[in-house]
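Dear colleague,

Please find below the structure that I am handing over to you, followed by a summary of what was found in it. I would be grateful if you could read the two side by side.

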Amino acid sequence: MITLNRLEKKYADTYAVRDLSLNFPDAAITALLGPSGCGKTTTLRMINRLIEPTSGQVLLDGQDTARLKPEVLRRGIGYVIQQIGLFPHLSVAQNVATVPDLLGRGKAQTAKRVDELLSLVGLEPAVYRGKRPLELSGGQAQRVGVARALAADPPVLLMDEPFGALDPIARDEVQERFLKIQRELKKTVVLVSHDIDEALRMGDYVALMQAGQLAQFGTPDDLVRRPASDFVRQFLGDDANLRQLAGVEVRHFVRAGTAEGLPRIEADTNTRTALALMLRAGSEQAAIWDGERLLGVVGFSDLARAEAAGVAPGDSDVLLSGHAG
Ligand code: ADP
Ligand code: MG
């Protein structure tokens, strides 16, 4: 677990981060959300000591990171940024392999690990390992950045607006892919974002910041349904519930029924998209399929009931286990 204890960063006489105390739970994605300039990047960079705090502490599994050598600390922390800074003269494989832990391995072992990582992020190794960064699309380059950050298998991943520069379709794909990877690897992830949709969709937890301070920490459900202040409510907006549905697969709302005459939607479709597909088809219900298997149907009224009851959405594991804080 990453713990921030009264963390502060002051520049001249203004605070970039002020009296910030926060736990980032293990094996979960916490979205560090907030408007531009509220201190997200500064907070993230104090965790891996690219920025030294003015006061307060960062604890990693109870250990004060100020006592660790920055190089040692960073070995256990993957870091992904928007302009991922791939080396243009190196191949994709060489870019992924430029991690201290990999440099010490033999050639064959490194090549094997690089191929594993490329497969993990959805890039066919045979096609991509020899390409140069300039031959990649933005989404592909971002995947290489994620592969590189995961190369040394660090328990912690810090991501600063990693998908911010991508067009909406590429962003959607990379987010989806990253969620799949995370379900497998269960890293402790801090994901900086100013994008509410991204935070509600990707975050098991959301830490919303306001002017260097914490406005609210909780599950997406907590923030949407139980905003701690007017700032939280206004920041999330009137359509927060709808945004939240983007983080839940439509399979969660399925009930028994027959598919006849209904539009077909795949079970892993996010619920907001499913709703849009139903609206487009002019149908109040849809048949939900898991490949060739019919799971049942979902209708507008199922979603409305779930919404009203506050049931739901989200990764059920997270909901059942409650939230750390
Ligand atoms: P965010 O990532 O949320 O957009 P930052 O953490 O980058 O915000 O910045 C928080 C605040 O601190 C901003 O007002 C920014 O202008 C200020 N700031 C950041 N870095 C510096 C710096 N090196 N010197 C002075 N002010 C800074
Ligand atoms: Mg920033």
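An oxygen atom of ligand 1 is 2.8 Å from an N or O atom in the side chain of Thr-41. Please note that this is a predicted model. Two further polar contacts to the ligand deserve mention. A polar side-chain atom of Thr-42 lies 2.5 Å from an oxygen atom of ligand 1, and a backbone N or O atom of Gly-37 is found 2.7 Å from an oxygen atom of that ligand. On its own, ligand 1 has 560 Å² of accessible area, and the protein covers 54% of it.

The residues surrounding ligand 1 are Tyr-11, Ala-16, Pro-35, Ser-36, Gly-37, Cys-38, Gly-39, Lys-40, Thr-41 and Thr-42. By class, four of them are nonpolar, five polar and one charged. Helix α1 (residues 40–47) supplies the largest share of this shell, namely three residues.

As to the protein as a whole, there are 15 helices and 13 strands. The radius of gyration is 21 Å, which agrees with the value near 20 Å that a compact globule of 325 residues would have. Along the principal axes, the C-alpha atoms fill a box of roughly 60 × 50 × 30 Å.

Of the 325 residues, 49% count as buried. The accessible surface of the protein is about 15,500 Å², and carbon and sulfur atoms account for 50% of that surface. Among contacts with a separation of 6 or more, 64% join residues 24 or more positions apart.

With kind regards

Key. Residues are numbered from 1 along each chain as its sequence is written. Chains are lettered from A and ligands numbered from 1 in the order in which they are written. This is a predicted model: local features need pLDDT of at least 70, side-chain atom pairs count only at pLDDT 80 or more; totals for chains, interfaces and linings use all residues. Side-chain values use heavy atoms; hydrogens and water are left out. A residue is near a molecule or strand if one of its heavy atoms lies within 4 Å of it. A polar contact is a pair of N or O atoms within 3.5 Å; within protein, one must be able to donate a hydrogen and the other to accept it, and residues adjacent in sequence count only if both atoms are side-chain atoms. Accessible areas come from the Shrake-Rupley method with a 1.4 Å probe; for residues, only the protein chains shown count as cover. Helices (H or I, at least four residues) and strands (E, at least two) are DSSP runs, numbered from the N terminus. Ala, Val, Leu, Ile, Met, Phe, Trp, Tyr, Cys and Pro count as nonpolar, Asp, Glu, Lys and Arg as charged, and the others, Gly among them, as polar. The radius of gyration is taken over C-alpha atoms; the globule rule is 2.2 Å times the number of residues to the power 0.38. Buried means under 20% relative accessible area, exposed over 50%, partly exposed in between (1.4 Å probe, protein chains only). Contact means heavy atoms within 4.5 Å.
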